[in-house]
Amino acid sequence: MRSRITNLVVSSVLVLTLGVITAAAFTKTVTIKVDGMKCAKCSGAVTKALKATEGVEDAQVNHEKGEAVIKYDDQKLNEDKLREVINGTGFKAVAEKGQ
Amino acid sequence: MTLPGIVFAALMIIFSPANVLRQDVKAPPQFELKDINGRIVRLSNYRGKVVLINFWATWCPPCRVEMPDLIRLQREHGKEGLQIIGITYPPERKLRVQRFARSLNVNYPIILGTHQLKASFSSEEVLPLTIVIDRDGKVSDIISGILLREEFDEKIKPLLIQKEGEKQNAKSNH
C-alpha cells in the first residue's frame, strides 16, 4: 500500500515537472521596437491587441521606450505574427536588422 | 443558523456578482452638444437605442484604425438600433476633424469633446475608449482600446438582439 502511494506521488511529481518544463520550453520573450508610439493613451490599445492574440502570455508596452516586451508560446505564434498585430493597431513595428 | 453562518450568507449576497454588476450599471452623464456639422446631438434623444460613445482623436493611430470598423457597424446594425456617437479628445482642430471625417465618409455624428467630457464618462487613460449604453439608457460596458469583433459579439450584439426578441414577444402576444 505504502509503495503504491509512493509510486503515485512520484509519478504525479514527474508529470507536473514535465509539464512545467514543456511549457517553459515553448515560452519565448521578445522585445519589439514600435515606431510612432508617442501617446501614452494610445499604447493601451497595443497592449490590448497583443493580449487578445492567442499564444501571447504577457505583453508590456512602454510608450516612453517605444517598445513592447512580449512573452509568447512559440508553438502558436512567431515574431512576424506579433509584428502584424502591432501594425494592425496603427503603429509600426520596427523590423530588426537583417529582417 | 449560527452567527458566523448568517454573516457569511449576508456577505455572499452583498458581494454576489449580480449585485456588483448592478452597482456598476449607471446612468451616463447627459449632454447636448453641436456636432462638427452644426447639428445638435442630445444623448437623451437616443433612448431606446444601443449607443456607443466612442472617444477618439485624429492624432491617435489606433483610433484611426478603428474608425472604418465603426462606420461598418453603424451601416450594418443601424437598423437594429445601433447608434454610434464619436467624441474627439483634445487637442483637436475642428477643420482637421471635419476633413478626416469627410475622407472616411463617417456615417454618425462627431462632436468636439473636452477633457472634462471624457472624464465624466470614464477615468480610464486609454484611447480609443467606447462607452456602451443599453436601450434603457444605462452604461452597460466600457471598452478600452480598439473594439474587437469578439467584444462586439459578446457585449453589444446581445443588447441589439434583446429588442428584436421583445418585438417578437409583443407580436406573439397580440
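A search of the whole structure, which is a predicted model, finds two disulfides over all chains, a disulfide being a pair of cysteine sulfur atoms within 2.5 Å. One is formed by Cys39(A) and Cys42(A), and another by Cys60(B) and Cys63(B). The search also finds ten salt bridges over all chains, and the largest nonpolar core has 65 residues.

Residues are numbered from 1 along each chain as its sequence is written, while chains are lettered from A and ligands numbered from 1 in the order in which they are written. In this predicted model, local features need pLDDT of at least 70, side-chain atom pairs count only at pLDDT 80 or more, and totals for chains, interfaces and linings use all residues; side-chain values use heavy atoms, with hydrogens and water left out.

**Disulfides**

- The sulfur atoms of Cys39(A) and Cys42(A) are 2.0 Å apart, and their link is right-handed, with 100 degrees about the S-S bond.
- Cys39(A) is buried, at a relative accessible area of 15%, and Cys42(A) is buried at 0%; buried means under 20% relative accessible area, exposed over 50%, and partly exposed in between, with a 1.4 Å probe and protein chains only.
- In chain B, the sulfur atoms of Cys60(B) and Cys63(B) lie 2.2 Å apart.
- The torsion about the S-S bond of Cys60(B) and Cys63(B) is about 80 degrees, so this disulfide is right-handed.
- Both Cys60(B) and Cys63(B) are buried.

**Salt bridges in chain B**

- A salt bridge is a side-chain nitrogen of Lys or Arg within 4 Å of a carboxyl oxygen of Asp or Glu.
- Glu32(B) and Arg42(B) form a salt bridge whose closest N and O atoms are 3.1 Å apart.
- Glu32(B) lies in strand E1 (residues 32-34) of chain B and Arg42(B) in strand E2 (residues 40-42) of chain B, so the pair ties together parts that are ten residues apart in sequence; helices (H or I, at least four residues) and strands (E, at least two) are DSSP runs, numbered from the N terminus.
- Glu32(B) is partly exposed, with a relative accessible area of 48%, and Arg42(B) is partly exposed at 32%.
- Arg39(B) and Asp35(B) meet through their side chains in a salt bridge of 3.9 Å, N to O.
- In that pair, Arg39(B) counts as exposed at 54% relative accessibility, whereas Asp35(B) counts as buried at 6%.
- Arg72(B) forms a salt bridge with Asp69(B), with 3.9 Å between the closest N and O atoms.
- Arg72(B) and Asp69(B) are separated by about one helical turn, because they are three residues apart in helix H3 (residues 61-77) of chain B.
- Arg72(B) is partly exposed at 21% relative accessibility, and Asp69(B) is partly exposed at 33%.
- A network of salt bridges links Asp69(B), Arg72(B) and Glu76(B).

**Nonpolar core**

- A nonpolar core is a set of buried Ala, Val, Leu, Ile, Met, Phe, Trp, Tyr and Cys residues joined through side-chain atoms within 4.5 Å.
- In the largest core, the residues with the most contacts inside it are Leu50(A), Ile70(A), Ile86(A), Phe31(B), Ile53(B) and Ile156(B).
- Strand E3 (residues 50-56) of chain B supplies the largest share of this core, six residues.
- Leaving aside neighbours within four places in sequence, Phe31(B) is in contact with residues including Val41(B), Arg42(B), Ile53(B), Ile111(B) and Phe121(B), where contact means heavy atoms within 4.5 Å.
- In soluble globular proteins, nonpolar side chains tend to be buried together.

**Thr27(A) and its surroundings**

- Thr27(A) lies in strand E1 (residues 27-35) of chain A and counts as partly exposed, at 26% relative accessibility.
- Apart from its neighbours within four places in sequence, Thr27(A) is in contact with Glu57(A), Lys71(A) and Tyr72(A).
- The side chains of Thr27(A) and Glu57(A) make a polar contact of 3.1 Å; such a contact is a pair of N or O atoms within 3.5 Å, where within protein one must be able to donate a hydrogen and the other to accept it, and residues adjacent in sequence count only if both atoms are side-chain atoms.

**Chain A overall**

- Chain A has three helices and four strands, in the order α-β-α-β-β-α-β along the sequence.
- Of the 99 residues in chain A, 33% are buried.
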